[in-house]
Amino acid sequence: YWTFRGGDFRLPGRLLDTPFSNLFYPDLAGRGAWVEATHGGRTFGFFYGAETLQAGVRVPLRIETPQNMAGIYFRQQVGERLVVSARLMDLSTDLNKLRSATYLAVPANPIQNALTATADALYTMAGPLKWYGEAGVSEGSWAQPGQPQGDPVSFTSGPLLETHRFTLRANYLYQNASYLPLLGYYLGDRRGPFGEIKVRPFSRLD
């Protein structure tokens, strides 16, 4: 099954949906072209265009930003317990137009180009117990030279246990500055552990 779209398109920010509340990924909204092919549990996709942001409340509009994005992605269901995905994406920003974009908060030293490659996996270990992992490599170039690149590797890993009475979500993440520098969001440059527990002792009490 093939899907073709020209003009405004929207893709999920992460290919695998995980209920970690500390991981926020906005949709990849762009204006350009998007192609996706699906067969069974396998999906391939390609997209290219300028990133757009929503403006307005009652009548939402899309504002085109001075950032172009291009990428390819892949998602595969392996058996009944494993789902894997991968994405390669390039982000390039017109710094002259960015400085004149009054609707955006611009960092002191913005990233001009960023190339990111990520791979995700969600494995069902036993019943309601799952394990999520992501590993990525990215490289960026900044407007002003001399910006420390840091470690090019980013990763996130942790378990998910969800039953009717008990829920446990925990992970540790490490994201470098060039992890996903989308204009208006600037994801990356964060690290640390996260844990969340929910108990339902009675049907009406959480």
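The following conversation goes through the terms used for this predicted model and the values behind them.

Mentor: Residues are numbered from 1 along each chain as its sequence is written, and side-chain values use heavy atoms, with hydrogens and water left out. Because the model is predicted, local features need pLDDT of at least 70 and side-chain atom pairs count only at pLDDT 80 or more, while totals for chains, interfaces and linings use all residues.

Trainee: How do you know how many helices and strands the protein has?

Mentor: Helices are DSSP runs of H or I with at least four residues, and strands are runs of E with at least two, numbered from the N terminus. On that basis the protein has one helix and ten strands, which follow one another along the sequence as β-β-β-β-β-α-β-β-β-β-β.

Trainee: Why are β1 and β10 called edge strands?

Mentor: The ten strands form an open sheet in the order β1-β2-β3-β4-β5-β6-β7-β8-β9-β10, with antiparallel pairing. Within it, β1 (2-11) and β10 each pair on one side only, and these are the edge strands. The twist from one strand to the next averages 15°, with axes being lines fitted to C-alpha atoms and angles running from 0 to 180 degrees between N-to-C directions.

Trainee: How many of the residues count as buried, and by what cut-off?

Mentor: Buried means under 20% relative accessible area, with a 1.4 Å probe and protein chains only; 38% of the 206 residues of the protein fall in that class.

Trainee: What share of the contacts joins residues at least 24 apart?

Mentor: A contact means heavy atoms within 4.5 Å. Among contacts between residues at least 6 apart in sequence, 55% join residues at least 24 apart.

Technical notes: Buried < 20%, exposed > 50% of the residue type's maximum accessible area, 1.4 Å probe, protein only. Pairing = 2+ DSSP bridges.
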